[in-house]
Structure formats: C-alpha cells, structure tokens
Amino acid sequence: MNSVSELGAELQRARKQNGLTQEQLADLAGISERTLRSIERGAGNPSIDAVLSVADVLGLRIVVAK
C-alpha cells in the first residue's frame, strides 16, 4: 500500500466485507463516525491510534515498512 487513500479504501472494503456500517465500526473502534469517514476517504490527518483501532476491529494488521 503506497498512500493514505489506498489504506482508506482497504479499510472501507474490509468494513463492508464484515457487514458493518460506518456508525457500527466507529462505535466498535471508539472513534467518531466523522473520523472514520475521513480515514476511509484518505482525507485529513487521523491519529495512528484511530487507524490502528479500526484495523484491530476489522482483524487487520498494519505494517509500516521502508
């Protein structure tokens, strides 16, 4: 994955695959729905904690590599 927008698209795909609405996922991840929408669009500058919380709920692992 090379960009924030690709990360957002992957998280959105996983959310839909898991049958969750944005509202449900945001609640489970402990973030606002607005923050989740921003992450999925690849917009703004979400905290790494927010992204990791979403990934954790979806059973995904985020790897940072050089």
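In this predicted model, helices α1 and α3 are oblique to each other. Two packed helices are described by the angle between their axes and by the distance between those axes. For α1 and α3, the axes cross at roughly 120° and come within 6 Å. An angle counts as roughly perpendicular from 65 to 115 degrees and as roughly antiparallel over 145, and the rest, apart from those under 35, are oblique. The crossing of α1 and α3, at roughly 120°, is therefore called oblique.

The contact itself involves residues from both helices. On the α1 side are G8, A9, L11, Q12 and R15. They meet L36, I39 and E40 of α3. By type, the residues of this contact divide into 4 nonpolar, 2 polar and 2 charged.

R13 belongs to α1. Its relative accessible area is 39%, so R13 is partly exposed. R13 and E40 are 27 residues apart in sequence, and their C-alpha atoms are 9.2 Å apart in space. T35 sits in helix α3. T35 has a relative accessible area of 27% and is therefore also partly exposed. Between T35 and D49 there are 12 Å in space, C-alpha to C-alpha, and the two are 14 residues apart in sequence.

Q22, L25, A26 and A29 are buried in α2. These residues cover an arc of only 100° around the axis, so they lie on the same side of α2. Their packing partners are α1, α3 and α4. The face turned away from this buried side carries the exposed residues E23, D27 and L28.

G30 follows α2. Its phi is positive, near 75°. This glycine is placed in the loop between α2 and α3. G30 has a relative accessibility of 66% and so counts as exposed, the cut-off being over 50%. Although G30 and A50 are 20 residues apart in sequence, their C-alpha atoms are 8.1 Å apart in space. A50 is one of the buried residues of α4.

Helix α4 spans residues 48-57. A50, V51, V54 and A55 are buried there. Seen down the axis of α4, these buried residues fall within an arc of 130°, so they line one face of the helix. The cover over them includes α1 (4-17), α2 (22-29) and α3 (33-41). The face of α4 turned away from the buried side carries I48, D49 and D56, which are exposed. Just after α4 comes G59, with a positive phi of about 75°.

A database record covers much of this region. In an unreviewed entry, UniProt lists residues 11-65 as "domain: HTH cro/C1-type". In the model, this span is 62% helix and 0% strand.

Notes:
Residues are numbered from 1 along each chain as its sequence is written. This is a predicted model: local features need pLDDT of at least 70, side-chain atom pairs count only at pLDDT 80 or more; totals for chains, interfaces and linings use all residues. Side-chain values use heavy atoms; hydrogens and water are left out. Buried means under 20% relative accessible area, exposed over 50%, partly exposed in between (1.4 Å probe, protein chains only). Helices (H or I, at least four residues) and strands (E, at least two) are DSSP runs, numbered from the N terminus. The arc is that of the directions from the helix axis to the C-beta atoms. Contact means heavy atoms within 4.5 Å. UniProt positions are given in the numbering used here, feature names are shortened, and annotations may be inferred rather than shown by experiment. Axes are lines fitted to C-alpha atoms, for helices over the stretch in contact, and angles run from 0 to 180 degrees between N-to-C directions. Ala, Val, Leu, Ile, Met, Phe, Trp, Tyr, Cys and Pro count as nonpolar, Asp, Glu, Lys and Arg as charged, and the others, Gly among them, as polar.
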